Every structure is written in structure tokens, then in C-alpha cells.
Amino acid sequence: MSAPATVLPSLAADVRDGLTRSGLKELAPKYFYDARGSELFDQITSQPEYYPTPCERAILNRHAPHIVAGAHELVELGSGLASKTRALLYAMAGTGGLRRYVPFDCDPWVVERCAEELTELYPGLEVNGVVGDFQTDLDAIPRGERRVVALLGGTIGNLYPGERADFLHAVRRLLADGDRFVLGTDLVKDVAVLEAAYNDAAGVTAEFNLNVLHVLNRELGADFDVDAFAHVAFFDRDSSWVEMRLRARGEQRVSIPGAGIEVELADGEEIRTEISSKFTLQALHRELAEAGMGIEHFYTDPDGLFGLSVAVPQ
Ligand code: SAH
Ligand code: AVI
């Protein structure tokens, strides 16, 4: 892997666009993830309120051999620290099929760490890390065969519906006959359970949310007073997503030289920092079919909180 930039090159333009709009201001969730953001996400996954990770882990631990049967290569988009992925790699190694793992993430720190750890764990495994934006850079993935492409954790839910459609079409173009797309998605459920998962009592999700302001301060020379913002997360039933925002405590005037802008926020004004969509099986069938894929298997945890689709090209 060549030495990557610390953040995506689109940061300044996206920040300018998102913070100068007349309506609700917005920052894209992909900018949470510098090394600290990735560490904080990792801590979120062990909070008692955050059910998606243990649920998806249970599904993968139980069904991995079937999910990866016959595959030689795993391409993982938004791989992060790849803690659950190990079940898939273990199952591939067990059948002697494991040749290559391609962790793809916008945070160079996690890609490097993953590459180091997995090369040590599986001597002889080719780990070909890619640092990039899975919304624009999927062509950086090396050609391969008999592969499973995975996007775990519910990360697809962090894209808007139009972005999701574009992304799914791009994933479809990566697949040849016999390849599979493994997609983890959080499912619609009781609002109290959903809202608790994004408002953990220990405040880790709040820290994660605020981390985007630290990223802007460091990368764009901004002067956000991070303590002057409060974490907000709620379920929007109409859109079927949890939304995270940062609410200004008092009027704020922020200079962001790297984006060439000055921003004023009124007391109580909010910046949307993430949507996290919650799906039904019906919606997944529809969205995957629109991108030329069909669900071959759909697994859930025993309580039906989280879903894992195994889709094939059609
Ligand atoms: N797959 C892991 C991590 C999920 S956190 C899990 O299931 O636990 C989401 C991951 O996706 C982070 O590592 C983040 O850096 C990465 N990510 C988010 N948006 C991205 C984008 N547009 N391109 C590439 N990686 C992205
Ligand atoms: C990565 N992604 C699926 C997480 C989610 O639940 O939407 C990110 C996250 N945001 C707050 N907590 C976790």
C-alpha cells in the first residue's frame, strides 16, 4: 500500500457545500473516521445499547462456511478493524480456499492495522489494502475471481437512497457470475431500542459524533469550539433512519480556512452528521433487484434485529 493521505481529498469541497447551504447544514459521516474516529466506533460496538455488532457477529459465526463456500477472495468495503470479518476468513482458510483479502476503507490507519494483523494471522495470505472512498473509487480494487464482496455493519444505511442506488450499481459491476455480495443491514424495530443504540449512557456515540469537528479543526484549520456542541440522535419514522446531529450551544462563528469559508450558527442550530437507515426485507429485495442483484439467502439473529443478505448477480 502506498502512503495514503490522512483524509479523503473531497473533504474541503464537501464541507464548503454542506455548511453553506441555506437549509439544514450537513457533514458527511465518512469524515468521522480518522484514527480516533475509528477507535471510537470500535468502542461503540461494545456498548450494551449498540446491538448491531453482536447480532451481526452471531450471524457470521453461525453461517460463515455457507456464505463463503467456494470463494478464494474477500473484498471488504468499509472494513474498519475487521473484527467480525475474521469469521469469514477463518471459514475460507478452513476449506483451503483463502487466497486474498482486500480491505477497503477511507481511514488509512485501519487499513494498515488490518493488513499487519491479518498477514501475521494467516502467513501466505495476500492482503491488498486499498485506501479510498467506496462511493467513487471502487475501480481501485484489483481484478479477482471467485470473490465475495462484503459491506458489513449496516454501513450502507449511512448513504442516502440515491447514493445507495449508485453504490449498489457500482458493486454489481464488480461481480462476475459465481461471485457474491454480502450485505449487513440494520432492520426496522422498536423506536426505543433504536434511539438507545445511538444515545449510549457512557457517551461514546456523542464523542464519535463530535469527532468530526476535531477532524475539521485539524485538517482544515477550523476553529470549532467542540465543547460548544451537543450530540443529538433520534429516529425519523418517515425516512426510516436514525439521524445524528450536532446542536450549537449558543451562537457560533467558525472560521474554516481550508474550505475558504466562515460559518455562523444560531443558538440551537443543528448540523446533520449521519443518517443510519433501517431496512425491511422487502426494501432490500427491491433495492438489490434495481441494481441487478437477487437475494439468495437472508439471515437474521434470533431476535430479528439485524439482517445479512447474500446476493448474487442476476
Ligand atoms: N465494517 C466494520 C466497520 C464499520 S464502521 C464493522 O462492521 O464493524 C464504517 C467503516 O466504513 C469505517 O471504517 C469507515 O472508515 C468506513 N467508511 C465510511 N464511509 C466510507 C467511504 N465512503 N469509503 C470508504 N470507507 C468508508
Ligand atoms: C458504521 N455505521 C453503520 C454505524 C451506524 O450505526 O450507522 C455508525 C454509527 N453511528 C453511530 N453509532 C454508530
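Predicted model: local features only at pLDDT ≥ 70, side-chain atom pairs only at ≥ 80, totals over all residues.
Residues are numbered from 1 along each chain as its sequence is written, chains are lettered from A and ligands numbered from 1 in the order in which they are written, and side-chain values use heavy atoms, with hydrogens and water left out.

- A nitrogen atom of ligand 1 lies 2.8 Å from a backbone N or O atom of Gly78, and a nitrogen atom of the ligand is 2.9 Å from a polar side-chain atom of Asp133.
- The side chain of Asp105 has an N or O atom 2.5 Å from an oxygen atom of ligand 1.
- On its own, ligand 1 has 570 Å² of accessible area, of which the protein covers 93%; such areas come from the Shrake-Rupley method with a 1.4 Å probe.

**Surroundings of ligand 2**

- Around ligand 2 there are 14 residues, and the closest are Tyr50, Asn158, Tyr198, Glu274 and Ser276.
- The shell of ligand 2 divides into seven nonpolar residues, six polar and one charged.
- Oxygen atoms of ligand 2 lie 2.9 Å from a polar side-chain atom of Asn158 and 2.6 Å from a polar side-chain atom of Ser276.
- A nitrogen atom of ligand 2 is 2.7 Å from an N or O atom in the side chain of Glu274.
- Ligand 2 exposes 340 Å² when taken alone, and the protein buries 98% of that.
- Two or more residues of this shell come from each of α2 (35-44), α8 (204-220) and β12 (270-277), these elements being DSSP runs numbered from the N terminus, with helices (H or I) of at least four residues and strands (E) of at least two.
- At least three residues of the shell come from each of domain 1 (8-32 + 192-277) and domain 2 (52-189 + 278-313), with bounds taken from an automatic or database domain assignment.

- Strand β6 (residues 147-151) is largely enclosed by the rest of the structure, because five of its five residues are buried, which here means under 20% relative accessible area.
- Arg147, Val149 and Leu151 lie on one side of β6 and Val148 and Ala150 on the other, all of them buried.
- Strand β2 (residues 73-77) runs parallel to β6 and is joined to it by five bridges; strands pair if DSSP finds at least two bridges between them.
- Strand β7 (residues 180-186) also pairs with β6 in the parallel sense, over four bridges, and Phe181 in β7 is the bridge partner of Val149.

**The open sheet**

- Four strands form an open sheet in the order β1-β12-β9-β8, with mixed pairing.
- Its edge strands, β1 (25-26) and β8 (229-236), each pair on one side only.
- Strand β9 (residues 241-248) runs antiparallel to β12 and is joined to it by seven bridges, with Ile271 in β12 as the bridge partner of Leu246.

Methods
Polar contact = N/O pair within 3.5 Å; in protein donor to acceptor, adjacent residues only side chain to side chain. Near = heavy atom within 4 Å. Nonpolar A, V, L, I, M, F, W, Y, C, P; charged D, E, K, R; others polar. Buried < 20%, exposed > 50% of the residue type's maximum accessible area, 1.4 Å probe, protein only.
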